[in-house]
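Here is a friendly briefing to read alongside the model.

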Amino acid sequence: MGLLKGKNALIFGLANERSIAWGITQAFKREGANLGISYAGEMLEKRVRPLAEGIGSKIILPCDVTKDEEVEKVFATLNQEWGGIDILIHAIAFANKEDLSNPYVQTSRAGFHLALDVSAYSLVALARHAVPLMEGRNGSVLTLTYMGSEKVIPNYNVMGVAKAALEASVRYLAHDLGPKGIRVNAISAGPLRTLAAAGISDFKSMLHHVAERAPRKRNIDAEEVGKTALYLGSDWGSAVSGEVLHVDAGYNIMGM
């Protein structure tokens, strides 16, 4: 349908073909977006570059989001290549394995700082650099969260706290950037078998639990998240900002 024809979309957090970011990337490609892909480190480049090249991305850039100079370099390159950005996808999260497996009360100070820096503050840093390239273009900033920000999810621990900070950041950024014509939203996706999920203990039980209790009686897939990102990234979502939209087969509405 060409919903994003002529739009420039920059995607952070693509890890492999099973990642949520890949589902979003494919949806954007189908709808005509120009795609820029960022990866974190040489190890991920081996997985990401073939995917990016396979969908015709001309911009494939390294970026450690904890380093301001690398973030600045990415946006400087995009300014030269594109002159503007319409969509920014933030699909980035990280916590040390021990800080996920140990009880939250045992979270180390360094581990807490790392999880909050990579998983929450990076959205602020990316948005700040994106604003000059988005202003006046009806831009859309979109991040990914999880229900562990709202409720206690066993073995999610410090990441749940980081996601809570991320969701609060969405609201504050939506307020700050709204007058500049930029929307900021989050998708709270249900559990998916991704590289990030591999760090969560007993993840299979989480999948089974959600499939058994969600109103749709199943888990979701990355394509469904991609469709929702398409809605929020395109003009179809032009009046939506500051929202956390659940894509979890309805699981979030359940009590008992």
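Buried means under 20% relative accessible area, exposed means over 50%, and partly exposed is in between (1.4 Å probe, protein chains only). This is a predicted model, in which local features need pLDDT of at least 70, side-chain atom pairs count only at pLDDT 80 or more, and totals for chains, interfaces and linings use all residues. Residues are numbered from 1 along each chain as its sequence is written, and side-chain values use heavy atoms, leaving out hydrogens and water.

**The sheet**
- Seven strands make an open, parallel sheet, ordered E3-E2-E1-E4-E5-E6-E7; strands (E, at least two residues) and helices (H or I, at least four) are DSSP runs numbered from the N terminus, and two strands pair if DSSP finds at least two bridges between them.
- At the edges sit strand E3 (59-62) and strand E7 (244-247), each pairing on one side only.
- Strand E6 (residues 183-189) pairs with E7 over four bridges, and Ile-187 has Leu-245 in E7 as its bridge partner.

**Aromatic pairs**
- There are two aromatic pairs (ring centres of Phe, Tyr or Trp, its six-membered ring, within 6.5 Å; planes under 30 degrees apart are stacked, over 60 edge-to-face, the rest tilted).
- Phe-12 and Phe-75 are stacked, at 6.3 Å centre to centre with 25° between the planes.
- This pair links strand E1 and helix H3 (residues 68-81), 63 residues apart.
- Tyr-146 and Tyr-156 are edge-to-face because their ring centres are 5.1 Å apart and their planes at 70°.
- Tyr-146 is buried at 10% relative accessible area, and Tyr-156 is buried at 7%.
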